Amino acid sequence: MTFLARALMGATALTLVAGPALAEKLTIATVNNGDMIRMQKLTDDFTAKNPDIELEWVTLEENVLRQRVTQDIAAKGGQFDVMTIGTYEVPIWGAQDWLVSLNDLPADYDVDDLLPAIRSGLTVDGNLYAAPFYGESSMVMYRKDLMEKAGLTMPEAPTWDFIKEAAAAMTDKDNEVYGICLRGKAGWGENMAFLTAMGNSFGARWFDEEWKPQFDSQAWSDTLTFYLDLMNSYGPPGASSNGFNENLSLFQTGKCGMWIDATVAASFVTNPTDSQVADKVGFALAPDKGLGKRGNWLWAWSLAIPAGSDSVDAAKKFVAWATSKDYTALVASKEGWANVPPGTRTSLYENAEYAKVPFAKMTIDSINAADPKSPTVDPVPYTGVQFVAIPEFAGIATQVGQEFSAALAGQQSAADALAKAQSLTADEMEAAGY
Amino acid sequence: MARRVSTRRKAITTLAAWSVGFLIFFPILWTVLTSFKTEAQAIADPPLFLGFDWTLENYAVVQERSDYLRFLWNSVIIAGGSTLLGTMVAIPAAWAMAFVPGKKTKDILLWMLSTKMLPAVGVLYPIYLIFIQLGLLDSRIGLVVVLMLCNLPIIVWMLYTYFKEIPGEILEAARMDGATLREEILYVLTPMAVPGIASTILLNIILAWNEAFWTLNLTAAKAAPLTAFIASYSSPEGLFYAKLSAASTLAIAPILILGWFSQKQLVRGLTFGAVK
């Protein structure tokens, strides 16, 4: 065999070995929900356009994912190239330079098309640190038939007093119909997401401008007393262990007159395959108390790139694809407009086809009614509607949530729960150096 | 002389044993039943026990969405590897403690057990950093080592208990016949302790198979075992109970089958030495 032939065989073998390694592999950490799973199914479109990029998925339950990506990014583990994170993490991680800025996404991405409230929640010092995959607020979902039977009409923008009146009129405990279903399960993303947003509408706030906890204020007392009274009188039994899924089950099986929760639930409760009340659901804005703020939150599951990733350019291509207008059109063509990820782009809400989706208008109105930069009636030193964008918040709010959940379970009074919340928050904040 | 037991008493005892067994098994049965329901049937109130339209839809969805065999293979390697490695280390250790005890043997045994008293999360960060330095994150070999270390105290304790039941004189006789230490452990001690070793191996495979803390924290895509497979179907925002049940059923099926076929050995090993 000549030297040339050997050299050619060697080169061919090397090419064969090196061939598969040419494809760049992206590891994407994501949560398990309908929109994310749909995206995984549609990624052939991305890999067809980018044959040199392979995708690997790590799908985890939301709280496990949050802990895993926090751990990985803090320790610079470099396990993920794209992370699914929320509006709580982005301001904190962006400020720490843990995320790659997305200011240089291509012009056809049309960053100005992102909804201002959502974009603002994902921007730190002028840098967009995450691209929103879907956005959500919270709103009132109610049974139109029960409301009619009660002789009431749900306004488009109800007050808390109306909600209480309607809950009383719709409750029929003998037939296991409860006027109102709200979150009671302890957790910063569970009952505290709801109660913090509700507190905003009652004029409550977590901290004053000096970072002093405010659970000893009249506004918090009014919030918690109203919530406990509403739930104890017209809520389902065992509500202190109800989160999103438990309330979704109750509503879908016809046991709730009203449910105030994430706008993303609208597609579930109106889906006739899973919901027994699909054709009887109406929507309204989250309630207010006449103080200028509504009790709705703002959240966006977003795609971000950790600063330790070795594949930043490929990751940017993926993030741009998954959050683009083209992706929206792709989902619409394959699965219909009702299944398009909501709440991220202005153009979606200008689309005549999407406008026909029954919950589209209320979703965008709810998102626009939330302002993460000015979430409360009185001024505060923090951003975030249903959270305070500081690293200590998740731990503190989970403890406070346990106190409030215990109050709902009847284990302590509202005054005791608030006193404990005040004390533990003050201790934690002092220990954190505030 | 054996005590006479009346038929009535026997029937009551049997019924009680079956009731307790059914109670313990019920969550698994319910998971399996739910895996054959639609999502709407899974949340029906009152709950549906058997009277529902059985469907394989959830299994089809799980198969379509996840590469089950990859997760299964990782579980087999991690659980099998850690148990094998742990047993290889534990047999000589337990032999030494059982047959050549020193002044501090009891203290060492207690110290080993005390490592199980520390919550795993207490050492998560140091181990995570070590794994980053050694390039072991998301690797099967890393998990084999960690799970071996986690279960080693249990393996040593179990083997020590079994070895203590074996008369030392038999080993002495082997030594007098000229057996080396290796031969003594391999050809005399091990065959006599087979039921104990078998049950120790089986129990540790089950423990390693079900381990969810380290397997979720130290893996991402490549080395993720069936615990990560189950976790990917859990969601606080969306009803995935039927799909989650299908994923759980697929994850526990192999270990359930293994346990079913080896139950004789398990029971024999766990009751080894109970009657003298």
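Which residues does Tyr382(A) touch, not counting residues up to four places away in sequence? They are Phe207(A), Val388(A), Ala389(A) and Ile390(A), where two residues count as in contact if their C-beta atoms, placed from the backbone, lie within 7 Å. Before we go on, a word on the model: it is a predicted one, in which local features need pLDDT of at least 70 and side-chain atom pairs count only at pLDDT 80 or more, while totals for chains, interfaces and linings use all residues. Residues are numbered from 1 along each chain as its sequence is written, and chains are lettered from A and ligands numbered from 1 in the order in which they are written.

Let us stay with Tyr382(A) for a moment. You will find Tyr382(A) in the loop between helix 17 (360–368) and helix 18 (393–408) of chain A. Helices (H or I, at least four residues) and strands (E, at least two) are DSSP runs here, numbered from the N terminus. Tyr382(A) counts as partly exposed because 19 C-beta neighbours lie inside 10 Å. The scale works like this: a residue is buried if 20 or more other C-beta atoms lie within 10 Å of its own, exposed if 12 or fewer, and partly exposed in between, with C-beta atoms placed from the backbone.

Now look at another loop residue, Asn296(A), which sits between strand 9 (281–285) and strand 10 (298–304) of chain A. Is Asn296(A) buried or exposed? Asn296(A) is buried, because 29 other C-beta atoms lie within 10 Å. Leaving aside neighbours within four places in sequence, the contacts of Asn296(A) include Ser137(A), Ser138(A), Met139(A), Leu285(A) and Ser366(A). The C-alpha atoms of Asn296(A) and Pro158(A) are separated by 12 Å, although the two residues are 138 apart along the chain.

Next come the strands of chain A. Strand 1 (residues 24–31) is largely enclosed by the rest of the structure, because six of its eight residues are buried. Strand 1 of chain A pairs with strand 2 of chain A in the parallel sense over eight bridges; two strands pair if DSSP finds at least two bridges between them. Within this pairing, Val31(A) stands opposite Leu60(A) of strand 2. Strand 1 of chain A is also joined to strand 3 (residues 82–85) of chain A, in parallel, by two bridges, and there Ile28(A) has Val82(A) as its bridge partner.

Strand 8 (residues 256–262) of chain A is mostly covered, with seven of its seven residues buried. Strand 8 of chain A runs antiparallel to strand 6 (residues 131–143) of chain A, with five bridges joining them; here Tyr142(A) has Met258(A) as its bridge partner. Strand 7 (residues 178–181) of chain A runs parallel to strand 8 of chain A, and three bridges join the two. In that case Cys256(A) of strand 8 is the bridge partner of Tyr178(A).

How does chain A meet chain B? Here 30 residues of chain A are in contact with 24 residues of chain B. On the chain A side, the elements that give two or more residues are helix 2 (34–41), strand 2 (53–60), helix 4 (62–74) and helix 11 (244–252). By class, this side has 11 nonpolar, 14 polar and five charged residues. For these classes, Ala, Val, Leu, Ile, Met, Phe, Trp, Tyr, Cys and Pro count as nonpolar, Asp, Glu, Lys and Arg as charged, and the others, Gly among them, as polar.

Chain B itself has 14 helices and zero strands. Its C-alpha trace spans about 70 × 65 × 30 Å along its principal axes, and buried residues make up 34% of its 276 residues. The unreviewed UniProt entry places the feature "transmembrane region" at several spans of chain B, including residues 71–96 and 184–209; its positions are given in the numbering used here, feature names are shortened, and annotations may be inferred rather than shown by experiment. In the model, residues 71–96 of chain B are 100% helix and 0% strand, and their end C-alpha atoms lie 38 Å apart. Residues 184–209 of chain B are 96% helix and 0% strand, with end C-alpha atoms 32 Å apart.
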